[in-house]
Amino acid sequence: MSAKRPIIIDTDPGIDDAVALGIALFARELDVKLITTVSGNVGIEHVTNNALKLLTFWTLSTPVAKGAARPLLREVRDASEVHGVTGMEGYEFPEPNRGNLLNITAVQAMYQTLKESEEKITIVAIGPLTNVALLLREYPEIKGKIAEIVLMGGALGRGNFGVLSEFNIAVDPEAAKIVFESGLAIAMTPLDVGLKALVYPQDSEEIKQMNQTGDMMYSLFRKYRGGSFNTGLKMYDSCAIAYLLKPEMFTVQNVFVAVETKGEYTSGATVIDLKASLGKAANCKVCVDIDEELFKAWFLAALKRCH
Ligand SMILES: [Ca+2]
């Protein structure tokens with residue numbers, strides 16, 4: 001085992017994705033082998049371009065592979081009202097270096113990266129689960145190389161997309177169903193903990209002064225509509241990275257989770273069976289609560305390590 005935990009990040013940047021990527025790429029404990037993109041917050045060309053822009057900004061050469069342009073069965077639904085039309089507005093990034101972009105698909109790149117790795121790799125999914133589902137369908141034999149899937153998605157309570165559904169799961173419930181029924185180790189940081197992972201104006205001011213990454217993120221925060229700049233911006237996707245690096249900040253329950261795909265009003269809802277009412281074996285470690293003070297201290301320290 002190497003000292004660093006190898007991960008693949010599947011992402012749809014997205015402003016909170018950009019923050020999560022920065023923390024992961026500069027974390028001493030993580031080795032980001034591959035970044036794959038998926039249609040989500042905005043379309044696939046924008047999210048892929050955004051991933052490349054971030055790597056160029058950080059002068060990193062992590063490979064990027066472009067993934068699914070649409071959900072498995074459903075039409076594209078984006079979140080451009082939250083992240084802006086291009087998904088990452090508010091900062092003048094340098095022209096992206098397209099040399100980081102692989103000429104194979106996200107699914108092929110994930111498969112190759114997993115296959116060639118001696119160690120098992122954790123997949124960190126912070127967008128809709130389309131690519132991960134396609135990987136599991138196309139290459140089921142690769143499951144043995146996946147250590148765990150850590151995902152941001154789902155909701156214990158009410159949703160932010162449908163009444164009971166969270167965006168990442170709701171835009172591609174069929175993909176999420178495949179992932180949750182895969183038998184793989186899964187951990188999830190649902191919407192509910194993201195709602196408490198907040199960045200307040202005084203934190204934003206501190207972040208702005210930290211380093212060039214902080215200055216860039218501050219500019220994105222001014223445009224981000226995930227919460228409000230004054231009452232707290234929600235760092236949903238950073239919760240998945242926080243779970244990898246500092247799980248003790250979460251209260252975790254190992255329970256059965258199903259994804260509703262057919263409900264008349266509830267399609268895309270995660271049925272998180274906290275009381276084992278359904279009598280099914282647990283398939284997911286669900287972060288049911290977060291220590292907000294621990295999160296904030298961790299978050300600011302993690303951003304300080306970015307260049
Ligand atoms: Ca995301």
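This is a predicted model: local features need pLDDT of at least 70, side-chain atom pairs count only at pLDDT 80 or more; totals for chains, interfaces and linings use all residues.
Trainee: How many of the seven residues of β5 are buried?
Mentor: A residue is buried under 20% relative accessible area, exposed over 50% and partly exposed in between, with a 1.4 Å probe and protein chains only. Strand β5 is largely enclosed by the rest of the structure, because the number of its seven residues that are buried is six.

Trainee: Which helix packs its buried residues against β5, among other elements?
Mentor: The packing rests on contact, meaning heavy atoms within 4.5 Å. The partners of this helix are β1, β2 (30-37), β3, β4 (121-125), α5 (130-138) and β5 (146-152). Its buried residues are A106, V107, A109, M110, Y111, T113 and L114. The helix is α4.

Trainee: Which residue of β12 is the bridge partner of T251?
Mentor: Strand β12 (residues 284-290) runs parallel to β6 (residues 186-189), to which two bridges join it; there, A187 stands opposite K285. With β10 (residues 250-259), β12 pairs in the antiparallel sense over six bridges. The partner of T251 in β12 is D289.

Trainee: What separation do the C-alpha atoms of K296 and K196 have?
Mentor: K296 belongs to helix α12 (residues 292-304). Leaving aside its neighbours within four places in sequence, K296 is in contact with L198, Y200 and D203. K296 and K196 are 100 residues apart along the chain, yet their C-alpha atoms are separated by 9.9 Å.

Trainee: Is F26 buried or exposed?
Mentor: F26 is found in the loop between α1 and β2. Apart from neighbours within four places in sequence, F26 is in contact with W58, L60, R305, C306 and H307; its C-alpha atom and that of L303, 277 residues away along the chain, are separated by 8.4 Å. Because its relative accessibility is 12%, F26 counts as buried.

Trainee: What is the omega of the cis peptide bond that joins P13 and G14?
Mentor: Most residues other than glycine have a negative phi, and most peptide bonds are trans. G14 is placed in the loop between β1 (5-11) and α1 (15-25). The omega of the cis bond between P13 and G14 is about -15°.

Trainee: What phi does T59 have?
Mentor: T59 lies in the loop between α2 (44-57) and β3 (64-66), and it counts as exposed because its relative accessibility is 70%. A276, in the loop between β11 (270-273) and β12, is not a glycine and has a positive phi of about 55°. T59 is not a glycine either, and its phi is positive, at about 45°.

Trainee: Which helix supplies the largest share of the lining of the largest pocket?
Mentor: On a 1 Å grid over the protein atoms alone, a pocket is an open set of points with protein on both sides within 12 Å along at least five of seven lines, and lining residues have an atom within 4 Å of a point. The largest pocket has a volume of about 310 Å³ (the space filled by probe spheres set on the points, which are joined across faces, edges and corners). Of its 24 lining residues, N41, A79, H83, N160 and F167 lie nearest its centre. α1, α3 (80-83), α6 (167-170) and α11 (236-245) each supply at least two lining residues, and the largest share, three residues, comes from α3.

Definitions and conventions:
Residues are numbered from 1 along each chain as its sequence is written. Side-chain values use heavy atoms; hydrogens and water are left out. Two strands pair if DSSP finds at least two bridges between them. Helices (H or I, at least four residues) and strands (E, at least two) are DSSP runs, numbered from the N terminus. On a 1 Å grid over the protein atoms alone, a cavity is a set of points where a 1.4 Å probe fits but cannot get out, and a pocket is an open set with protein on both sides within 12 Å along at least five of seven lines; lining residues have an atom within 4 Å of a point.
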